[in-house]
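Visitor: Please take a close look at a single part of this model, the place where two of the chains meet. I would like one connected account of it.

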Amino acid sequence: MAHGPGVYKDRYEDLHVDTIDRRLAELGLTLPPPKRPVADYVGCKQSGQQLFVSALVSETRGAAGAEVSVDQAAAAAEATVLALLAIVREHLGTLDRIAAVDKMTGFVRSGPAFTSQPAVVDGASRVLIAIFGEAGRHARTATGVAQLPYGATVQLEMILRLHDRIA
Amino acid sequence: MAHGPGVYKDRYEDLHVDTIDRRLAELGLTLPPPKRPVADYVGCKQSGQQLFVSALVSETRGAAGAEVSVDQAAAAAEATVLALLAIVREHLGTLDRIAAVDKMTGFVRSGPAFTSQPAVVDGASRVLIAIFGEAGRHARTATGVAQLPYGATVQLEMILRLHDRIA
Amino acid sequence: MAHGPGVYKDRYEDLHVDTIDRRLAELGLTLPPPKRPVADYVGCKQSGQQLFVSALVSETRGAAGAEVSVDQAAAAAEATVLALLAIVREHLGTLDRIAAVDKMTGFVRSGPAFTSQPAVVDGASRVLIAIFGEAGRHARTATGVAQLPYGATVQLEMILRLHDRIA
């Protein structure tokens with residue numbers, strides 16, 4: 001994906017490459033180092049113009065509404081979606097190939113009486129919209145589960161739409 | 001999408017527009033006013049010929065098998081899928097653009113010993129088949145969760161396939 | 001799909017048909033008889049080149065980490081994915097039409113302190129990779145739920161990508 005700063009470098013690339021990285025910087029957001037899958041699966045699987053992004057759990061542990069507040073859980077969701085984007089960027093070479101966020105599903109580990117799963121997953125949805133604008137607005141499911149891998153607070157998966165390589 | 005009853009009105013439209021609305025009337029079904037998303041997401045997101053429909057929770061509250069009977073939960077699933085179709089109709093302008101229901105996922109808030117999630121989600125599946133016929137038969141997941149947003153009984157999401165605009 | 005062993009039989013078919021069935025035999029794996037859906041849905045729904053495969057629950061019952069060990073639950077996941085492939089084979093006529101496993105979602109019925117859902121779903125992921133090689137590597141979600149239909153231990157769904165009929 002890398003290319004040298006040659007005299008005849010494609011001016012289209014000058015204008016368009018790394019737009020999303022610049023947007024991340026403007027927002028003061030940094031992506032963490034991309035994580036490796038913890039088991040026998042891949043972080044991303046491309047199928048035509050769709051990219052299925054495997055679920056990732058938050059580093060924050062504990063059930064929302066019990067050990068973890070709704071604000072802490074929403075912050076965990078934001079950190080998790082940035083960690084997903086790090087995996088996607090490594091896979092694609094550049095986040096500029098993302099045409100749209102089609103769907104996000106958020107599983108929130110919930111204490112027995114916790115019913116604010118949408119407010120938790122909003123932590124991730126808001127940052128996607130901040131980064132990608134209209135293209136970042138997505139269909140969504142936010143649901144409550146009793147347990148998650150490693151006792152995490154939030155688990156997020158996405159389906160992205162990619163630009164044609166030609167386009 | 002609206003068009004007046006002009007003398008020269010396209011006869012193709014006469015035959016084809018609003019077929020599903022007529023089918024709903026035949027079945028004695030009425031769609032409720034379309035709900036707005038409760039958080040930072042969109043109700044529908046189109047990607048190529050797929051339409052991702054965000055999860056919606058039932059107005060019925062309480063856990064199936066505990067506060068809510070299986071029949072009440074199935075009725076809640078039917079009402080929820082009609083509410084989803086209202087959102088889809090507002091988004092597309094007409095339900096006649098739906099070529100097929102590809103996938104429905106139903107999360108059923110379940111009491112500790114409740115294991116009849118398929119019977120609950122059938123309330124929604126049956127009405128889709130009644131409305132859309134063979135095209136309404138879908139792949140499905142019906143699973144049990146401990147909590148749902150707002151303490152709802154059922155949560156449904158769908159992936160629809162759309163006709164080409166050209167077709 | 002069947003064709004007689006005629007003298008002029010297409011030699012391309014001689015080489016390519018039933019490759020995956022031969023691979024299953026090499027691995028010592030047998031698919032069970034295909035199950036029928038337990039409710040008002042279909043086992044598989046094709047949409048363009050995607051095949052949505054409805055969720056199936058394991059015959060093994062009980063919560064992982066409580067009544068069922070992690071190894072028993074992983075074995076249940078392996079048996080369940082083979083049962084899913086039996087449904088897919090009946091639907092497509094041959095597993096050789098599968099171009100890739102795009103996504104698998106595994107719901108693991110989990111005791112209160114069970115957090116090894118990835119190790120359970122690995123039982124299914126490993127066998128998909130053994131059968132399909134690189135094409136079997138998939139995006140994945142492994143999550144923990146309080147209940148599943150019939151009290152099952154594991155529930156698996158898949159999205160597959162199909163070869164063009166022409167290709």
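Guide: Two residues are taken to be in contact if their C-beta atoms, placed from the backbone, lie within 7 Å. The model is predicted. By that criterion, 25 residues of chain C are in contact with 23 residues of chain A. On the chain C side, the elements that give two or more residues are strand E3 (98-109), helix H4 (117-132) and strand E4 (139-145). Sorted by class, this side of chain C has nine nonpolar, nine polar and seven charged residues.

The two chains are also related as copies.

Chain A has its own helix H4 (residues 117-132), which packs against helix H3 (residues 70-92) of chain A at an angle of about 40°, the axes being 7 Å apart. H3(A) is therefore oblique to H4(A). The crossing in which H3(A) passes H4(A) is right-handed. From H3(A), the contact residues include Val70(A), Ala73(A), Ala77(A), Glu78(A) and Val81(A). H4(A) contributes, among them, Ala119(A), Val120(A), Asp122(A), Gly123(A) and Leu128(A). By class, this contact of H3(A) with H4(A) has 13 nonpolar, two polar and two charged residues.

Terms used: Residues are numbered from 1 along each chain as its sequence is written. Chains are lettered from A and ligands numbered from 1 in the order in which they are written. This is a predicted model: local features need pLDDT of at least 70, side-chain atom pairs count only at pLDDT 80 or more; totals for chains, interfaces and linings use all residues. Axes are lines fitted to C-alpha atoms, for helices over the stretch in contact, and angles run from 0 to 180 degrees between N-to-C directions. Helices (H or I, at least four residues) and strands (E, at least two) are DSSP runs, numbered from the N terminus. Angles under 35 degrees count as roughly parallel, over 145 as roughly antiparallel, 65 to 115 as roughly perpendicular and the rest as oblique. A crossing is left-handed if the near helix is turned anticlockwise from the far one by less than a right angle, and right-handed if clockwise. Ala, Val, Leu, Ile, Met, Phe, Trp, Tyr, Cys and Pro count as nonpolar, Asp, Glu, Lys and Arg as charged, and the others, Gly among them, as polar.
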